[in-house]
Amino acid sequence: MNANNNIWNQFSTKKDYPKLKNDTTCDVAIIGGGITGISTGLQLAQLGLKVVVLESKIIGGVATSSSTGNLYLTIDQLLSSLLAKYDIDTVKKVANSRIEALKKINSWVKDYDMDCDYREVPMFLY
(Lines give C-alpha, C1' and ligand atoms only; values in the text may rest on other atoms or scores of the structure.)
Protein backbone atom coordinates (compact mmCIF):
# COMPACT_ATOMS: atom_id res chain seq x y z
CA MET A 1 0.00 0.00 0.00
CA ASN A 2 1.31 3.44 -0.89
CA ALA A 3 1.86 5.49 2.28
CA ASN A 4 0.30 8.53 0.58
CA ASN A 5 -3.00 6.76 -0.06
CA ASN A 6 -5.56 6.38 2.69
CA ILE A 7 -6.70 2.92 3.72
CA TRP A 8 -10.36 3.45 2.75
CA ASN A 9 -9.59 3.96 -0.92
CA GLN A 10 -7.41 0.86 -0.99
CA PHE A 11 -10.44 -1.36 -0.40
CA SER A 12 -13.33 0.55 -1.94
CA THR A 13 -14.59 0.43 -5.47
CA LYS A 14 -15.13 3.71 -7.26
CA LYS A 15 -18.54 4.25 -8.76
CA ASP A 16 -19.09 6.81 -11.47
CA TYR A 17 -22.14 9.01 -11.15
CA PRO A 18 -23.60 11.05 -13.99
CA LYS A 19 -22.29 14.57 -14.49
CA LEU A 20 -24.75 17.42 -14.38
CA LYS A 21 -25.06 18.39 -18.05
CA ASN A 22 -28.19 20.53 -18.03
CA ASP A 23 -30.03 22.85 -15.74
CA THR A 24 -32.01 21.08 -13.05
CA THR A 25 -34.44 22.06 -10.37
CA CYS A 26 -34.48 20.83 -6.81
CA ASP A 27 -35.61 21.81 -3.37
CA VAL A 28 -32.10 21.54 -1.94
CA ALA A 29 -28.69 21.51 -3.61
CA ILE A 30 -25.92 20.06 -1.44
CA ILE A 31 -22.34 20.93 -2.27
CA GLY A 32 -20.05 18.09 -1.25
CA GLY A 33 -20.54 14.35 -1.42
CA GLY A 34 -18.81 13.30 1.77
CA ILE A 35 -20.52 11.67 4.72
CA THR A 36 -22.11 14.96 5.81
CA GLY A 37 -23.48 15.84 2.37
CA ILE A 38 -24.74 12.34 1.60
CA SER A 39 -26.27 11.93 5.07
CA THR A 40 -28.01 15.28 4.82
CA GLY A 41 -29.25 14.50 1.33
CA LEU A 42 -30.62 11.12 2.40
CA GLN A 43 -32.53 12.58 5.32
CA LEU A 44 -33.99 15.41 3.23
CA ALA A 45 -34.99 12.99 0.47
CA GLN A 46 -36.69 10.80 3.08
CA LEU A 47 -38.74 13.87 4.02
CA GLY A 48 -39.90 14.09 0.40
CA LEU A 49 -37.64 16.87 -0.84
CA LYS A 50 -35.96 16.73 -4.24
CA VAL A 51 -32.24 16.77 -3.49
CA VAL A 52 -29.22 17.15 -5.76
CA VAL A 53 -25.77 16.37 -4.37
CA LEU A 54 -22.97 18.08 -6.28
CA GLU A 55 -19.43 16.75 -5.90
CA SER A 56 -16.50 17.90 -8.02
CA LYS A 57 -14.30 14.91 -7.33
CA ILE A 58 -15.25 11.50 -5.88
CA ILE A 59 -18.23 10.78 -3.62
CA GLY A 60 -16.74 10.18 -0.17
CA GLY A 61 -13.27 10.34 -1.67
CA VAL A 62 -11.80 13.55 -0.29
CA ALA A 63 -12.12 14.62 3.37
CA THR A 64 -14.33 11.69 4.40
CA SER A 65 -11.96 9.08 3.02
CA SER A 66 -9.05 10.79 4.76
CA SER A 67 -10.67 10.47 8.17
CA THR A 68 -9.87 7.81 10.73
CA GLY A 69 -13.30 6.26 10.30
CA ASN A 70 -13.82 6.38 14.05
CA LEU A 71 -17.16 7.63 15.29
CA TYR A 72 -17.33 8.83 18.87
CA LEU A 73 -19.26 11.09 21.21
CA THR A 74 -16.47 13.46 22.14
CA ILE A 75 -14.82 15.93 19.82
CA ASP A 76 -11.11 15.83 19.13
CA GLN A 77 -10.31 18.26 21.96
CA LEU A 78 -12.89 16.81 24.36
CA LEU A 79 -16.06 18.50 25.48
CA SER A 80 -14.15 20.65 27.99
CA SER A 81 -12.92 22.80 25.09
CA LEU A 82 -16.55 23.59 24.26
CA LEU A 83 -17.34 24.38 27.88
CA ALA A 84 -14.62 27.02 27.80
CA LYS A 85 -16.59 28.81 25.04
CA TYR A 86 -20.24 27.90 25.64
CA ASP A 87 -22.68 27.29 28.46
CA ILE A 88 -23.47 23.80 29.74
CA ASP A 89 -26.77 23.62 27.85
CA THR A 90 -24.99 24.18 24.53
CA VAL A 91 -22.38 21.53 25.36
CA LYS A 92 -25.19 19.09 26.22
CA LYS A 93 -26.85 19.85 22.87
CA VAL A 94 -23.57 19.12 21.07
CA ALA A 95 -23.15 15.83 22.97
CA ASN A 96 -26.76 14.81 22.36
CA SER A 97 -26.53 15.63 18.65
CA ARG A 98 -23.44 13.44 18.38
CA ILE A 99 -25.25 10.60 20.18
CA GLU A 100 -28.13 10.91 17.71
CA ALA A 101 -25.70 10.92 14.78
CA LEU A 102 -24.10 7.71 16.05
CA LYS A 103 -27.53 6.11 16.37
CA LYS A 104 -28.46 7.22 12.85
CA ILE A 105 -25.27 5.80 11.32
CA ASN A 106 -25.77 2.54 13.23
CA SER A 107 -29.33 2.26 11.89
CA TRP A 108 -28.21 3.00 8.31
CA VAL A 109 -25.57 0.28 8.49
CA LYS A 110 -28.28 -2.19 9.51
CA ASP A 111 -31.12 -0.87 7.32
CA TYR A 112 -29.02 -0.76 4.15
CA ASP A 113 -27.04 -3.91 4.99
CA MET A 114 -23.75 -2.05 4.52
CA ASP A 115 -20.65 -4.18 4.22
CA CYS A 116 -18.37 -1.75 6.02
CA ASP A 117 -16.98 -3.67 9.04
CA TYR A 118 -18.94 -1.38 11.36
CA ARG A 119 -18.83 -2.37 15.00
CA GLU A 120 -19.26 -0.71 18.36
CA VAL A 121 -16.28 -0.91 20.71
CA PRO A 122 -15.43 0.82 23.98
CA MET A 123 -13.43 4.03 23.80
CA PHE A 124 -10.60 4.62 26.24
CA LEU A 125 -8.87 7.95 26.76
CA TYR A 126 -5.49 8.05 28.45
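## Aspartates after helix 4

Aspartate 117 is located in the segment that follows helix 4; helices here are DSSP runs of H or I with at least four residues, numbered from the N terminus. Although aspartate 117 is not a glycine, its phi is positive, at about 60°. The residue is exposed, with 62% relative accessibility (buried is under 20% relative accessible area, exposed over 50%, partly exposed in between, with a 1.4 Å probe and protein chains only).

Aspartate 113 also lies in the segment after helix 4 (88-111). Its phi is positive too, at about 50°, and it is not a glycine. The relative accessible area of aspartate 113 is 67%, so it is exposed.

## Basis of the model

The model is predicted: local features need pLDDT of at least 70 and side-chain atom pairs count only at pLDDT 80 or more, while totals for chains, interfaces and linings use all residues. Residues are numbered from 1 along each chain as its sequence is written, and side-chain values use heavy atoms, with hydrogens and water left out.

## Salt bridges

Two salt bridges are counted, each defined as a side-chain nitrogen of Lys or Arg within 4 Å of a carboxyl oxygen of Asp or Glu. One joins arginine 119 to aspartate 117, at 3.2 Å from N to O; both of these residues are exposed.

Another joins lysine 103 to glutamate 100, at 3.5 Å from N to O. Both lie in helix 4, three residues apart, or about one turn of the helix. Lysine 103 is exposed at 52% relative accessible area, whereas glutamate 100 is partly exposed at 46%.

## Cysteines

The count of disulfides (pairs of cysteine sulfur atoms within 2.5 Å) is zero. Cysteine 26 is partly exposed, with a relative accessible area of 31%, and cysteine 116 is partly exposed, with 39%.

Notes: Helices (H or I, at least four residues) and strands (E, at least two) are DSSP runs, numbered from the N terminus.
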